[in-house]
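Let's take a walk through a protein model together. Have a look at the sequence and the fold first, then read on.

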Amino acid sequence: MLTLTQSEKNMIEKLGVAVERYHKLEEMLGDPEVISNQTEYTKIMREYKSLAKIAEKYGQFMKLDGECGDLREMLDIEDDEEMRALAQDDLEKNEDIMRALIEELRILILPRDPNDDKNVIVEIRGGAGGEEAALFAGSLYRMYSMYCAGAGYKTEIIGCNETELGGYKEIDFMIEGDGAYSKFKFESGVHRVQRVPETETQGRIHTSTVTVAVLPEAEEIEVVINPADIIIESCKSSGAGGQHINKTESAVRLTHKPTGIVVECQEERSQFKNRDKAMKVLRAKLQDMQEREQNDKITSERKSQVGTGDRSERIRTYNYPQGRVTDHRIGLTLYSLENFLNGNIGEMIDALITADTAEKLKNSEF
């Protein structure tokens, strides 16, 4: 017989409240007033989708619980031994499934990162290593782009500073798609590369670094910017060639006076489009700043040990001579570097998500 601990009973009760909220949201999504308010509709839809899996698994659990009740009644009144044996077999099967569902629900009820479903803005910067670092920044951009193409995410460059050898001193791009932040948030940090540069005549291995920052896209309702706080400048696009470069003042530079944050966008031929993209980046940077200030107030014991935002933390090493990539936070080494750099990073991403979930489970009240 399936016996629930008090903690599990509390969890089921809490899940019941969440499912009630799910059905309430379902009603709200059919309300004409909500449908006509795009901002409110988007907000409600996001919460509704976040509860959908919980409602599905909870429904399965409660259905099986009802069936188990019927089977126990049958065992109490049934005299036929063959029927009793069948009922007992069904009861045990149902209880095994319920036990598995409890473990799934335990994970689903963990506090979700409110940014997980959002699009992201990724900033890649060449660090120590000069041109070699810039070339590896290009390799990382290519890696993420190839992963996105295979996973159904859309990528769009916001701005870049390309070098003569085809690398990037810096490149900013947006990744759009459901759950983008949940997949990429663990990429923030210092990425270290060890390889023999093409310009190295002695065959010596050089170590270079690239920093990656992953910012969830912020909505206007989340970050309100006073227009008076922004200096808007137009300038000519600059970069490594191209017929359109330096001919029109389509590039836009925004300076946020209270924080000193400067954002520039030059990828579009339209100044309006560049300004719109730059505002998205500025909102994301301001939200990131606010969240970092809040996180600094949280004790280290309550933070996930996987980490999602410290740009000074060395998180991964790409070793070309040994053909390996190692993530230092979870101690995972994959001996498939070429495959990894060709966008096959799903195994690493899944391992980081699993490690983060395990850490949260360890600290969960359930």
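## What you're looking at

This is a predicted model, where local features need pLDDT of at least 70 and side-chain atom pairs count only at pLDDT 80 or more, while totals for chains, interfaces and linings use all residues. Residues are numbered from 1 along each chain as its sequence is written, and side-chain values use heavy atoms, with hydrogens and water left out.

The pLDDT (the predictor's confidence in each residue, from 0 to 100) averages 87 over the protein, with 89% of the residues at 70 or more. In residues 241–247 it falls below 50, and that stretch has 8 contacts beyond near neighbours in sequence; a contact means heavy atoms within 4.5 Å. Residues 298–303 are also below 50, with 2 such contacts.

The protein has 9 helices and 11 strands. These are DSSP runs numbered from the N terminus: helices are H or I with at least four residues, strands are E with at least two. An open, mixed sheet is built from 8 strands, ordered β2-β3-β1-β5-β4-β9-β10-β11. β2 (154–162) and β11 (332–334) sit at the edges with a single partner strand each, so one side of each has no neighbour in the sheet.

Strands pair if DSSP finds at least two bridges between them. β2 and β3 (residues 168–176) run antiparallel, joined by 8 bridges, and K154 stands opposite E176 in β3.

## Burial

Of the 366 residues, 40% count as buried, meaning under 20% relative accessible area (1.4 Å probe, protein chains only), with exposed over 50% and partly exposed in between.
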